[in-house]
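Please look over the sequence and the structure shown here. The paragraphs that follow go from a single residue out to the whole chain.

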Amino acid sequence: MTDLLQATPRAAKDGVEPRRRNRSLTGEALALLGRSPLVWVALVVLAILAAMAIAPGLFTNVDPQRCILLNSRKPPAYGSWFGFDIQGCDVFARTVYGARASLAVALLATLGSTLIGGALGLVAGFNGGIIDAVISRVTDVVLGLPTLLGAIVILATLGNTGGGVLRLALVLSLLGWATEARLMRASVLQIRNAEYVRAARVAGASSLWIALRHVLPNAVAPLLVLATLSLGSYVGTEATLSYLGLGLQPPTISWGTAISDAQPYLASAPHMLMFPSLVLTVTVLALVMLGEAVRRAFDPRSR
């Protein structure tokens, strides 16, 4: 009877612990993210912003290009939640439609820098030798150039040559991949000599198969965390460049161009600057909150 009473708690414990021990790092991270209220708040905010970018007609039926000079600089009132800008355009409509360009630049720049940096980091870390040395030196050079300063120089040199969202995203991708490459290289260096990689080599698998099938899936998690954190910084960078007149150009509507147009009228019509800036701040804050939560969830040392 005593043995039975002692065995019952042990059996219950053994029934719970194996499930916890068998959970993968990704599964444990997703479980932690699901229990975080800040993550859900950030996801709700980002879902609303994504809906604004994809289907702005759900939020307003006003044409952002329809401007009436009689409404110039009118403050928020019934029928216009954010008021009107200097040309008499509805600020709320332009803020809603501006989400598409601003978020598109951030997503494309993040995707481009992640793909470039991830590929170069994988090649450098997996092959080593002279290839690693060359890629590492190029990475050091790119890291030494501030992204914002480099973008200002390149865009000022190119001038208003068109391209809009794609051109700006490409410039930011070419300047922002170095951090991703260094992180990916460090992750690959930790994995390339693992037991399962050695077993694949002994079995006769090709280097390309080993890199794509065994190394990449186990080394990509830190890169995804960095990509989440980069989204917020690229949103802010697009707004900064557009504010300086070097990023997106009219007639493209973005939060950066709206802030740039409103800055001279801050004293007489503060609503023109306040509402686009507020939406931009909330977007960056939500992305930073989500990125920081993802970083902590995938970092075992933070648990």
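Does Cys89 count as buried or exposed? Cys89 counts as buried, because its relative accessibility is 0%; buried means under 20% relative accessible area, exposed over 50%, and partly exposed in between, with a 1.4 Å probe and protein chains only. This is a predicted model, in which local features need pLDDT of at least 70 and side-chain atom pairs count only at pLDDT 80 or more, while totals for chains, interfaces and linings use all residues. Residues are numbered from 1 along each chain as its sequence is written, and side-chain values use heavy atoms, with hydrogens and water left out.

Cys89 forms a disulfide with Cys67, and their sulfur atoms are 1.6 Å apart; a disulfide here is a pair of cysteine sulfur atoms within 2.5 Å. A search of the whole structure finds one disulfide. Both Cys67 and Cys89 lie in the loop between H3 and H4, so the pair ties together parts that are 22 residues apart in sequence. The torsion about the S-S bond is about 75 degrees, so the disulfide is right-handed. Cys67 is partly exposed, with a relative accessible area of 30%.

Arg94 has Cys89 among its contacts, along with Pro64, Gln65, Asp85 and Ile253, not counting residues up to four places away in sequence. Contact means heavy atoms within 4.5 Å. Arg94 lies in helix H4, residues 91–127, and is buried at a relative accessible area of 17%. Its side chain reaches the backbone oxygen of Pro64 at 3.1 Å.

Helices (H or I, at least four residues) and strands (E, at least two) are DSSP runs numbered from the N terminus.

The largest nonpolar core has 48 residues, of which Leu49, Leu168, Leu172, Val235 and Trp255 touch the most other members. Such a core is a set of buried Ala, Val, Leu, Ile, Met, Phe, Trp, Tyr and Cys residues joined through side-chain atoms within 4.5 Å. Among the helices that each supply at least two residues of this core are H4 and H13, and H13 gives the most, with 11 residues. Apart from this core lies another, of 13 residues, among them Met184 and Val215.

Over the whole chain, buried residues make up 40% of the 303 residues. Among contacts between residues at least 6 apart in sequence, 71% join residues at least 24 apart.

Conventions:
A polar contact is a pair of N or O atoms within 3.5 Å; within protein, one must be able to donate a hydrogen and the other to accept it, and residues adjacent in sequence count only if both atoms are side-chain atoms.
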